Amino acid sequence: MSVQEKPPRKSGVAHFFAAASYSLAGLARLARESAFRQELGLIAGLLLLFVVLGASLPETLGLLGLGLLLIAIEALNTALEVLVDHLSPGWSAWAKEAKDLGSLAVACTIGLVLIYAGVILIW
Ligand SMILES: Nc1ncnc2c1ncn2[C@@H]1O[C@H](COP(=O)(O)OP(=O)(O)OP(=O)(O)O)[C@@H](O)[C@H]1O
């Protein structure tokens, strides 16, 4: 197996732009996950509902913030899945536990988004 060299460490402004390009690469990787695309649809649908039903700007920004949190948790869950799939190509109890825990983290965050939207739209 050939070992590829890591890109050299950067500092200052170069580090800022490098970090931004790594994040964009992460977003492109995340876009391949159907769970991410469904969560994006959920956030977009709720944002539309907020606008149509006349939610205030702070309420809408709150939803946007929770949507970003959901994307962050999904990104970490996907990173965990990538590592687990690499380390455990076959079935293993620890791989199941790790993936189930990641799945729970995503489910809790979706619950948080839905509770927030329910409180704003129904209360
Ligand atoms: N290598 C493994 N060993 C044991 N159980 C596994 C393994 N890979 C997956 N599982 C089990 O299957 C479930 C689904 O795993 P999968 O990799 O399909 O993720 P997923 O839940 O479909 O992820 P997502 O929906 O976020 O893409 C896991 O939560 C876990 O219970």
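Of the 123 residues in the chain of this predicted model, buried residues make up 10%. The chain holds four helices and zero strands, and its elements, read from the N terminus, follow the order α-α-α-α. Its radius of gyration is 18 Å, well over the 14 Å that the globule rule gives for 123 residues, so the chain is more spread out than a compact globule. Along the principal axes, the C-alpha trace spans about 55 × 45 × 20 Å.

Helix H3, which covers residues 57–87, has 31 residues and reaches 45 Å from its first C-alpha to its last, close to the 45 Å expected at 1.5 Å a residue. Within H3, the residues Leu63, Leu66, Gly67, Leu70, Glu74 and Asn77 are buried. An α-helix has 3.6 residues a turn, so residues three or four places apart point the same way. What covers the buried residues of H3 includes helix H1 (12–30), helix H2 (34–52) and helix H4 (93–122).

Serine 11 belongs to the segment that comes before H1, and this residue counts as exposed because it has 8 C-beta neighbours inside 10 Å, where the cut-off for an exposed residue is 12 or fewer. Between serine 11 and isoleucine 73 there is a separation of 62 residues in sequence and, C-alpha to C-alpha, of 27 Å in space.

Note on methods:
Residues are numbered from 1 along each chain as its sequence is written. This is a predicted model: local features need pLDDT of at least 70, side-chain atom pairs count only at pLDDT 80 or more; totals for chains, interfaces and linings use all residues. Helices (H or I, at least four residues) and strands (E, at least two) are DSSP runs, numbered from the N terminus. The expected span of a helix is 1.5 Å times one less than its number of residues. A residue is buried if 20 or more other C-beta atoms lie within 10 Å of its own, exposed if 12 or fewer, and partly exposed in between; C-beta atoms are placed from the backbone. Two residues are in contact if their C-beta atoms, placed from the backbone, lie within 7 Å. The radius of gyration is taken over C-alpha atoms; the globule rule is 2.2 Å times the number of residues to the power 0.38.
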